[in-house]
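Have a look at the picture first, then read on.

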Amino acid sequence: MKEVIVHPKRCVGCMQCMPACATAHSRTRHLVSAVLETPQPKPRVHVGAGRFNEGFPNRCRHCDPAPCQLTCLTGAIYRHAGTQTVMIDPDRCINCASCAMACPYGVIRFHEDPLGPPGRAVAVKCDNCVARVAEGQIPACVEACKVGALTYEERDTAMKRQTLAVARSMSSGAGEPVLPPGVGLLRTMKESQVQLLKG
Amino acid sequence: MKYVILGNGIAGVCAAEAIRTLDLEGEIVMVGDETFLPYSRPMISYVLDGSEPHDKLPIRPADFYESMKIKPVLGQRAVSLDVENRRVQLADSTCIDYDRLLIATGADPRPLRAAHMDLGGIFYLRTESHVRQQVAALSTARRALVLGGGLVGLKAAYALLKRGLEVTLLITSGYPLSLQVDEIAGKMVLDELLRRGLKVLVGRSVRAFEGNGVVRAAVTDTGSRLPCDMVIIAKGVLPSRDFIPRQHIHVDLGVVVDDHLQTSAAGIHAAGDVAESVDISRGCRWVNALWPEAAVQGRIAGLNMAGRPVVYPGSMSRNVLRVYDLDVLTLGHANPGPEEGCRIVWSGGPGKGRYRSLVLKDDILVGAVLVNQVEQGGVLCALMENRVPLRLSTSRLMAPDFNFACLLP
């Protein structure tokens, strides 16, 4: 089964996944019309800045067992049987924020959502784009990512590729480095900048 | 194998479900005081404030007992436990034998000792039946009195204010939520409620009630008379463990459990509000009577009972409260005494719209209070539960842009 895989070291912090995600979870599902919607659709992937201002696309890991599901007071959080996606039923959610204290990644937000009940804030998080996937598309954040920080593939395939890349980069006369040179350079620059400011 | 589960709250329900993941054939008997379907106890305050209907309380389907092949014995409490003969006696004198027993009897409201407690309009806030009666009483109520400034008291006061009643809150300590949060956060909550019309009396308790059939006034220990037609008592809860023979099972405030949630008697486990486990942030035994803990403990106890040894890492206090425009999240040992050698750092406060307080013991986070912007609370909670030595400065942990990425190498 394909899933969204995050390659944190590749993220350049461009945040393009965020509007793509918001658009995918809007009523009209087009960027231009989505920004005019009320309530405004909001992203469910959150690019945060790390210690060296490097980007990191933070999204729901769909944990098993899921702490948010165990702590949910109303049973609004459940696991989608087919895709193993952890979902929130907005009509059962009472916006109590119990899941906020359970999620070890801090990926749940609370606001009125275009796809939820009108006029009421609810807990909102990544749903693995189940609606898009059902239509044969890939998740919006992956489609928007230009640097390969988000991919949609079998977990085993991604693991094998990464293992091979690491092995090659360690061998003499190595081929491709694990990180593309441009991405590596950007990260080095960001780290030095933060070190300089500190010093 | 015959499993007997005492209690049909969330701990008992999660235990039964966990047993069924490993043992499809074993007999499960569930004894419950409440006859209602398994429901969300923390949600009753949402029913009281009118934001959710009563019929949304159940959290399991109507055929829960049948589909899980559980024999429910409802409307009954255990009155005695014979450890040697592995037998539980119920209030109606029937006896149930067991091979594995789970004590998940929960807790009952701490009773108030005052004269004329039998008057109508005086309630506890603990069960769906309590809230059903309270909602029915709302139509004739105008002036409410809430006793207790803890979480339940505050939620009750907030709910009744939202329902348009005139509400007076009586608290014995100097500020509300003194067990959960520090003084600054407590005052922020209080200010918000005062701004919305709540009346608060500090340092007073009720000695007696007056009325003719229904309550009309409360008399305080200072002798003053507070007119009211509805009273909600919220003075905390006490573990329901009177039936447990102390010569066989170690009972402190709650039933003491080990790291597999087994009591001091073999084959008997305990979970939920009745269990006393090791508190991760305090480093000592503690009864953390909380819904999320009860759910996790029930699940782990069930797995252990069905024969799969699973370690329970310990409990931790945690709460989240939303009153009007204020979100309050508290984790762990959030309000330690000065003698405990903790370092407390804080930022923000009243008027700033945001408050953060972190409690550290050496370089381990043991407590936190967040007022507003609580989304990253779970990240802090995970740091506390796993006792991760902090590498990040406390100012970064408290900054508005703190997020999971800050913890990456």
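The points below go through domains, strands, cores and aromatic rings in turn.

1. First, a caution: this is a predicted model, so please read everything here with that in mind.

2. Start with the layout of chain B. It is split into domain 1 (2-109 + 238-305), domain 2 (122-235) and domain 3 (336-407). Between domain 1 of chain B and domain 3 of chain B, the C-alpha centres are 33 Å apart.

3. Next, look for the open sheet of five strands in chain B, with the order β22-β23-β26-β25-β24 and antiparallel pairing. Its edges are β22 (318-323) and β24 (343-349) of chain B; each has a single partner strand, so one side of each has no neighbour in the sheet. From one strand to the next, the twist averages 10°.

4. Inside that order, strand β25 (residues 354-361) of chain B and strand β26 (residues 364-371) of chain B run antiparallel and are joined by seven bridges. If you want a spot to check by eye, B:Ser357 sits opposite B:Val369 in β26(B).

5. Now for some parallel pairing. Strand β16 (residues 230-233) of chain B is joined to strand β9 (residues 122-124) of chain B by three bridges, and the two run parallel. Here B:Tyr124 is opposite B:Ile233 in β16(B). Strand β10 (residues 143-147) of chain B also pairs with β16(B) in the parallel sense, over four bridges, and B:Ala144 has B:Met230 as its bridge partner.

6. Which way do the side chains of β16(B) point? B:Met230 and B:Ile232 go one way, B:Val231 and B:Ile233 go the other way, and all are buried.

7. On to the cores. Nonpolar side chains tend to be buried together in soluble globular proteins. The largest nonpolar core here has 102 residues, and B:Leu81, B:Ile103, B:Leu160 and B:Ile249 touch the most other members. Setting aside residues up to four places away in sequence, B:Leu160 touches B:Leu48, B:Leu138, B:Ala144, B:Val146, B:Leu165, B:Val167, B:Met230 and B:Ile232. A second, separate core of 43 residues includes A:Ala66, A:Ile88, B:Met316 and B:Leu383.

8. A residue worth a click is A:Thr71, in helix α3 (residues 67-71) of chain A. Is A:Thr71 buried or exposed? Its relative accessibility is 5%, so A:Thr71 counts as buried. Neighbours within four places in sequence aside, A:Thr71 is in contact with A:Ser98, A:Cys99, A:Ala102, B:Trp291 and B:Pro292.

9. Finally, the rings. How many aromatic pairs does the structure hold over all chains? There are six. In one of them, B:Phe36 and B:Tyr39 have ring centres 5.6 Å apart and planes at 75°, so the pair is edge-to-face. Both B:Phe36 and B:Tyr39 are buried. The rings of B:Phe64 and B:Tyr65 have centres 5.3 Å apart and planes at 70°, so that pair is edge-to-face too. B:Phe64 is buried, with a relative accessible area of 2%, and B:Tyr65 counts as buried at 9% relative accessibility.

Note on methods. Residues numbered from 1 in each chain as written. Chains lettered and ligands numbered in written order. Predicted model: local features only at pLDDT ≥ 70, side-chain atom pairs only at ≥ 80, totals over all residues. Heavy atoms only, no water. Pairing = 2+ DSSP bridges. Axes fitted to C-alpha atoms, helices over the stretch in contact; angles between N-to-C directions. Domains from an automatic or database assignment. Core = buried A, V, L, I, M, F, W, Y, C linked by side-chain atoms within 4.5 Å. Buried < 20%, exposed > 50% of the residue type's maximum accessible area, 1.4 Å probe, protein only. Contact = heavy atoms within 4.5 Å. Phe/Tyr/Trp six-rings, centres within 6.5 Å; stacked < 30°, edge-to-face > 60°.
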